Amino acid sequence: TIREHVTMIGLGPMGQAMAAAFLDKGHPVTVWNRTASRAQPLVEAGATLAASPTDAIAAAKLIVLSLTDYDAMYAILGDHTAALAGRTVVNLSSDTPQRSREAAEWFAGHGARFVCGGVMVPAPLIGAEEAYVFYSGPSEAVDEHRDVLSVIGRVDYRGEDPGLAQLWYQSQLDVFLTMLSSFLHSAAMLATAGVSAAEAAPYATETLRLAADIIDMSVPAVDADDHADVGASTAMMGASADHILGASRELGIDTTLPEAVKTHYDRAIAAGHGASGWTSLYRTILRPPA
Ligand code: NDP
């Protein structure tokens, strides 16, 4: 395999794990972080700590960023743009698709190629078999650095539009965060009856498996935007949504999440989709009423 020098800027849990993975695979690594002390374990593992962002950028053709958001990127690179020409910057920080598109233009203005990425696993799973990363931007830049980027996880390239990686990333975090909140809400429901999370969790896991099957079954209706034949009607599912909200109120727990779900059903029913399958919610989610 080709050993490629990588510069890693941003040493939170993710950046540290990525830099360690590069080193582990024999790639020379230069690091920079606002709080320099966070580089210490990596330096002990063989990384070079750059004295400034300019030095860090100068050290390698490939610059990988792992920061809280895109504002942090501008805060770090804003005074060091002269060093960027000819570099490929891969930003694995989370933000919106539009922020990614703006960044691509900003880097182009400084003579650098910009690749946007979204890492789909937490820090302990960097480099593990299930790890993958959404990328978007210039395909030749991704191809050129594919070997070293593959150290983080499988390269899942989504297209030239720089916004696509964050669009895909946020679409999956949407499923993930909503699912995690729904588990905590359901655990709180049962906690009011003295049930532990340990007892509740296997049931939640089973329900998630069922939900995964139902996602697969609902795909044709969603893609065709034709909701006649899904089985469970919008009106029936909407009544269930109302019961979850009613139960939450009775129990005195937070009602934010069941209110949001019930709003989806209410809108679809108000739009005349009560007798259609529950996937009819998709229409008012995609095109919400003004
Ligand atoms: P953080 O989101 O906490 O990012 C920390 C890094 O950003 C540190 O290097 C920090 O520097 C730097 N930083 C933040 N603000 C500034 C600023 N204004 N100027 C300079 N540096 C700044 O850590 P993570 O490693 O957890 O996450 C990195 C990115 O990866 C995030 O966008 C996150 O959403 C994403 N991600 C995280 C996952 C996770 O499980 N943690 C999973 C998948 C993606 P300093 O050390 O000096 O504070």
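I began with the second largest pocket of this predicted model, which holds about 750 Å³ of space. I listed 32 residues in its lining, and Met-14, Ser-66, Leu-67, Thr-68 and Leu-92 lie nearest the centre of this pocket. By class, I noted 19 nonpolar, eleven polar and two charged residues in that lining. Helices H1, H4 and H8 and strand E6 (113–119) each supply at least two lining residues, and H8 gives the most, with five.

I then looked up what takes up this space, and found that the second largest pocket is where the ligand sits. Helix H1 (13–24) and helix H4 (70–77) are the elements that give two or more residues to the shell around the ligand. That shell has 21 residues, of which Met-14, Asn-33, Thr-35, Arg-38 and Ser-94 come nearest, and I recorded its classes as eleven nonpolar, eight polar and two charged.

Next I went through side-chain contacts to oxygen atoms of the ligand. For Asn-33, a side-chain N or O atom is 2.6 Å from a ligand oxygen; for Arg-38, the distance from a polar side-chain atom is 2.7 Å; and for Thr-68, it is 3.2 Å. Taken alone the ligand exposes 890 Å², and I noted that the protein buries 74% of that.

Last, I turned to the largest pocket, where I read about 2,200 Å³ of space. Its lining counts 42 residues, with Thr-178, Ser-182, Ala-211, Val-261 and Trp-278 nearest the centre. Helices H8 (164–191), H9 (197–224), H10 (234–251), H11 (256–270) and H12 (281–286) each give two or more residues to this lining, and H9 gives the most, with 14.

How values were computed. Residues numbered from 1 in each chain as written. Predicted model: local features only at pLDDT ≥ 70, side-chain atom pairs only at ≥ 80, totals over all residues. Heavy atoms only, no water. Near = heavy atom within 4 Å. Polar contact = N/O pair within 3.5 Å; in protein donor to acceptor, adjacent residues only side chain to side chain. Areas by Shrake-Rupley, 256 points an atom, 1.4 Å probe, with all protein chains shown as cover. 1 Å grid on protein atoms, 1.4 Å probe; cavity = no way out; pocket = protein on both sides within 12 Å on 5 of 7 lines; lining within 4 Å. Sits in = over half its atoms within 2 Å of the grid points. Helix = DSSP H or I, 4+ residues; strand = E, 2+ residues; numbered from the N terminus. Nonpolar A, V, L, I, M, F, W, Y, C, P; charged D, E, K, R; others polar. Points joined across faces, edges and corners; volume = space filled by probe spheres on them.
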